[in-house]
Amino acid sequence: MSATVSFSLPSPRGPRTVTLSYARVGTGEPLLLLHGIGHHRQAWDPVIHILAAERDVIAVDLPGFGESPALPEGLTPDLPTVVPALGALCEALEIERPHVAGNSLGGLLALELGREKLVRSVTALSPAGFWSPVERRYAFGVLIAMRQAARRLPLPVVERLSRTAAGRTVLTSTIYARPGRRSPEAVVTETLALANAEGFTETLRAGTAVQFTDDVPGLPVTVAWGTRDRLLVRRQGIRAKHIIPRARLVRLPGCGHVPMNDDPALVARVILDGSR
């Protein structure tokens, strides 16, 4: 079941109310889950019940994605705004320094939360921000093309394609190494989530100059990369290890950019091991 929480953030024009949608399940130490750009919290569905057996799991729709409205006027969806917003979310939910796991944009946000000491451990799955300029332009070009395709395809066509493994490959092979494993319903809803994401363009624009260059000292950090990631190539994981030398760098064999569906058991184990 989804819920919403609202809180106030400062802006140059005075306080603004931010509302985020989330789902919460399980018991144990709190674990915040952050999805990638154009996705929604349901990206975590393949692993959430494994995690919920040992963690109090909070899966969030980032601002302007899924069921969360875009940030109000006066707030930009950049790191200096979204990181404090996630801190305010935790405060509103009375969660003190959760563990955090994030994928892609969510992985970058997770690392920033770690750098700000707002969390107790970080697991980043194919995090953004470790790219070269050429790799960033390539990734952004692919994301824009995926967004345009999702917006152009009529819903009946998306539904028809989703019914076959070959059709699901057409729709999602950029982010999944094993797209045939994704359920037809999930493929339809995430294609619609990408097409309808209010925050997509501004969030992508805010990421143009992003480069993660600082260590994250003083807490456990895991960086995991799928060996078949076609969006953010896995050599970026080596760069991440150089920048965060104490991080545990994990290979995810046979996994793509969004690995939770490609190998749920492996990804859940990596997250649980990283959040002990």
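## The annotated domain

UniProt, in an unreviewed entry, places the feature "domain: AB hydrolase-1" at residues 31-269. UniProt positions follow the numbering used here, feature names are shortened, and such annotations may be inferred rather than shown by experiment. The model is predicted: local features need pLDDT of at least 70, side-chain atom pairs count only at pLDDT 80 or more, and totals for chains, interfaces and linings use all residues. Residues are numbered from 1 along each chain as its sequence is written, and side-chain values use heavy atoms, with hydrogens and water left out.

Over residues 31-269 the chain is 44% helix and 13% strand. The C-alpha atoms at the ends of this stretch are 14 Å apart. Helices (H or I, at least four residues) and strands (E, at least two) are DSSP runs, numbered from the N terminus.

## Helix α2

Helix α2 covers residues 79-92, 14 residues in total. From its first C-alpha to its last it reaches 20 Å, close to the 20 Å expected at 1.5 Å a residue; the expected span is 1.5 Å times one less than the number of residues. E94, which has a positive phi near 60°, follows α2.

How many of the residues of α2 are buried? The count is 10 of 14, and the helix is mostly covered. Buried means under 20% relative accessible area, exposed over 50%, and partly exposed in between, with a 1.4 Å probe and protein chains only. Among the buried residues of α2 are L79, V82, L86 and C90. The elements that cover them include the strands β1 (2-9), β2 (16-25), β3 (29-34) and β4 (55-61), together with helix α3 (105-115). Contact here means heavy atoms within 4.5 Å.

I58 is in strand β4 and is buried, with a relative accessible area of 0%. Leaving aside neighbours within four places in sequence, I58 is in contact with Y22, A23, R24, P30, L31, L32, L33, L93 and I95. The C-alpha atoms of I58 and D78 are separated by 22 Å, with the two residues 20 residues apart along the chain.

N103 belongs to strand β5 (residues 99-103). N103 is also buried, at 2% relative accessible area. Not counting residues up to four places away in sequence, N103 touches L34, H35, G36, W44, L125, S126, H257, V258, P259 and M260.

## Positive phi values

Most residues other than glycine have a negative phi. R97 is not a glycine, yet its phi is positive, about 45°. R97 lies in the loop between α2 and β5 and is partly exposed, with a relative accessible area of 37%.

S126, also a residue other than glycine, has a positive phi near 45°. S126 is in the loop between β6 (121-125) and α4. Is S126 buried or exposed? S126 counts as buried because its relative accessibility is 1%.

## A residue of helix α4

A139 is found in helix α4 and is buried, with a relative accessible area of 1%. Apart from neighbours within four places in sequence, A139 is in contact with L231 and L232. A139 and A128 are 11 residues apart along the chain, and their C-alpha atoms are separated by 9.7 Å.

Pockets are found on a 1 Å grid over the protein atoms alone: a cavity is a set of points where a 1.4 Å probe fits but cannot get out, whereas a pocket is an open set with protein on both sides within 12 Å along at least five of seven lines, and lining residues have an atom within 4 Å of a point. Grid points are joined across faces, edges and corners, and a volume is the space filled by probe spheres set on the points. For residue classes, Ala, Val, Leu, Ile, Met, Phe, Trp, Tyr, Cys and Pro count as nonpolar, Asp, Glu, Lys and Arg as charged, and the others, Gly among them, as polar.

The largest pocket holds about 370 Å³ of space. Its lining has 23 residues, and M146, L171, T172, I175 and L194 lie nearest its centre. The elements that give two or more residues to this lining are α4 (133-152), α6 (165-172) and α7 (184-196). The largest share, five residues, comes from α4. By class the lining of the largest pocket has 13 nonpolar, nine polar and one charged residues.

The second largest pocket has about 320 Å³ of space. Of the 26 residues that line the second largest pocket, I37, L105, L108, T203 and G207 are the closest to its centre. At least two lining residues each come from α2, α3, α4 and α8 (200-206). By class this lining has 21 nonpolar, four polar and one charged residues.
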